[in-house]
Amino acid sequence: MDEIRLIVGLGNPGKEYEKTRHNAGFWWVDAIAERKRASWKRETKFSGYTARVAEEGHDFLLLKPSTYMNESGRSVAALLHFFRIEPAQMLVVHDELDLPPGTVKLKKGGGTGGHNGLTDIVEALDTKDFWRLRVGIGHPGHKDLVADYVLNKARRAEQDAIDPPFERSLDLLPWLARGKMTDAMTWLHTKPAPAPDDVTPVETGGQPKAEPPLVAPTTKVKK
């Protein structure tokens, strides 16, 4: 059983980067903190901002490095060392070029796909053995366009595709609290059944009956 103790959101600090594609990790931990009404605290010794949240009696630390993306490892390594958290007990949330907008995937280990934040964390920890939550943002089509692409806001159609699965992924927290990571992947990677668009008539009596929603509503994420 994996026990997640730390959730790291990757992004760049500063107002100018808040809504850019590269800050998807910040969006996620900010949304969790908002749900749990947790406050962010600046931690100089960790070169970042931390918050504490609880789910089903399990405590999580949230971290947003205040370094730029390509120096994220310094912040992560300092916090792991201080709290004696193993890399395998960490979930890193980040934007993913190799997944289309509207896709969110959970995995453990593997390569970094050239992501500067992940690459720096792997170098700082000397291991790839940690969990990742990958928020798909799509690819601009050529590697020379990547830098501009990730540092700009998603187009409206892309953001509309990103929002529903992103919001659903926030409901992973109970799975993480239980340490049921395989079950979490199965749940996340299984496309939810669509909610009914209208009401279904009752077979007898002729009165319409609204069917219950198939997916519990989640809080709209502000970005």
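How are α2 and α3 oriented to each other? They are oblique (angles under 35 degrees count as roughly parallel, over 145 as roughly antiparallel, 65 to 115 as roughly perpendicular, and the rest as oblique).

## Basis

This is a predicted model: local features need pLDDT of at least 70, side-chain atom pairs count only at pLDDT 80 or more, and totals for chains, interfaces and linings use all residues. Residues are numbered from 1 along each chain as its sequence is written, and side-chain values use heavy atoms, with hydrogens and water left out.

Helices (H or I, at least four residues) and strands (E, at least two) are DSSP runs, numbered from the N terminus. Axes are lines fitted to C-alpha atoms, for helices over the stretch in contact; angles run from 0 to 180 degrees between N-to-C directions.

## Helices α2 and α3

Helix α2 spans residues 72-83 and helix α3 residues 116-125. Their axes come within 7 Å and cross at roughly 45 degrees.

On the α2 side, the contact (heavy atoms within 4.5 Å) uses Ser72, Gly73, Arg74, Val76, Ala77 and Leu80. From α3 come Gly117, Asp120, Ile121, Ala124 and Leu125. Six of these residues are nonpolar, three polar and two charged (Ala, Val, Leu, Ile, Met, Phe, Trp, Tyr, Cys and Pro count as nonpolar, Asp, Glu, Lys and Arg as charged, the others, Gly among them, as polar).

## Helices α1 and α5

Helix α1 (residues 24-35) packs on helix α5 (residues 156-169) at about 45 degrees, with the axes 11 Å apart. That makes α1 oblique to α5. This crossing is right-handed.

Ala24, Trp27, Trp28 and Arg35 of α1 meet Gln159, Ile162, Phe166, Glu167 and Ser169 of α5. The contact residues divide into five nonpolar, two polar and two charged.

## Two buried residues

Thr67 sits in the loop between β4 (58-65) and α2. Its relative accessible area is 6%, so Thr67 is buried (under 20%; exposed is over 50%, partly exposed in between, with a 1.4 Å probe and protein chains only). The Thr67 side chain reaches the backbone oxygen of Glu71 at 3.2 Å. Beyond four places in sequence, Thr67 touches Gly11, Pro13, Ser47, Ser72 and Arg74.

Glu158 lies in helix α5. Glu158 is also buried, at 11%. Its side chain makes a polar contact of 2.7 Å with that of Arg21 (N or O atoms within 3.5 Å; within protein, one must be able to donate a hydrogen and the other to accept it, and residues adjacent in sequence count only if both atoms are side-chain atoms). Another, of 2.8 Å, joins the side chains of Glu158 and Arg155.

Terms used:
Left-handed = near helix turned anticlockwise from the far one by under 90°.
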